[in-house]
Amino acid sequence: LHAEVESQNIPHNEFFSGIYDFNPKVNYRTLFRQWLANAVDSTLIMCHPGEFSNDCIGEARSNELEYFLSDGFQSDCREYSINLTTRPVAS
């Protein structure tokens, strides 16, 4: 896939992060701060925020959403000089 998007000049992420076991007891902010600390340009961090649902990761979704809506998330992004974007930034 990487070779194909490169050959077509399709903007894409180079790095991927955000993998965890969706344990609802984990401190999601702590995990996310680790991912931010290790993020380099063109890193995509996977997340699944949402209202609590009955699916197998429902409680984890709720924890993620709570973090993303918190002042802590914005503060963490500033601390790690992370700029959020909806599309890749041209280099």
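1. A word on terms to start: helices here are DSSP runs of H or I with at least four residues, strands are runs of E with at least two, and both are numbered from the N terminus. With that in hand, glutamine 34 is found in helix 2. Glutamine 34 counts as partly exposed at 43% relative accessibility, where buried means under 20% relative accessible area, exposed means over 50%, and partly exposed is in between (1.4 Å probe, protein chains only). Between glutamine 34 and proline 24 there are 17 Å in space, C-alpha to C-alpha, for a separation of 10 residues in sequence.

2. Some notes on the model itself. It is a predicted one, so local features need pLDDT of at least 70 and side-chain atom pairs count only at pLDDT 80 or more, while totals for chains, interfaces and linings use all residues. Residues are numbered from 1 along each chain as its sequence is written, and side-chain values use heavy atoms, with hydrogens and water left out.

3. Now the overall picture. The chain has 4 helices and 2 strands, in the order α-β-α-β-α-α from the N terminus on. Its C-alpha atoms fill a box of roughly 40 × 30 × 20 Å along the principal axes. Of the 91 residues in the chain, 24% are buried. Taking contacts (heavy atoms within 4.5 Å) with a separation of 6 or more, 55% are between residues 24 or more positions apart.

4. As general background, nonpolar side chains tend to be buried together in soluble globular proteins.

5. Setting aside neighbours within four places in sequence, tyrosine 67 is in contact with Tyr28, Arg29, Phe32, Leu36, Gly72, Phe73 and Asp76. Two residues on that list, Arg29 and Asp76, come back in the next point.

6. Which residues are linked in a network of salt bridges? They are Arg29, Arg33, Asp76 and Glu79. A salt bridge here means a side-chain nitrogen of Lys or Arg within 4 Å of a carboxyl oxygen of Asp or Glu, and the count by this rule is 4. Aspartate 76 pairs with arginine 29, with the closest N and O atoms 2.6 Å apart. Because aspartate 76 lies in helix 4 and arginine 29 in helix 2, this pair ties together parts that are 47 residues apart in sequence. Aspartate 76 is buried, at a relative accessible area of 0%, whereas arginine 29 is partly exposed at 35%.

7. Arginine 33 and glutamate 79 meet through their side chains in a salt bridge of 2.9 Å, N to O. Arginine 33 lies in helix 2 and glutamate 79 in helix 4, so parts 46 residues apart in sequence are tied together. Both partners are partly exposed: arginine 33 at 23% relative accessible area and glutamate 79 at 48%.

8. Aspartate 55 forms a salt bridge with arginine 61, the closest N and O atoms being 2.8 Å apart. Aspartate 55 is partly exposed, with a relative accessible area of 32%, and arginine 61 is partly exposed as well, at 22%.

9. Strand 1 (residues 15-17) includes phenylalanine 16, which is partly exposed at 45% relative accessible area. Serine 17, also in strand 1, is buried at 16%. Leaving aside neighbours within four places in sequence, serine 17 is in contact with Trp35, Thr43, Leu44, Ile45 and Met46.

10. Finally, the cysteines. With a disulfide taken as a pair of cysteine sulfur atoms within 2.5 Å, the count comes to 0. Cysteine 47 is in no disulfide, and the nearest cysteine sulfur, that of cysteine 77, is 11 Å away. Are these residues buried or exposed? Cysteine 47 is partly exposed, with a relative accessible area of 35%, while cysteine 77 counts as buried at 4% relative accessibility.
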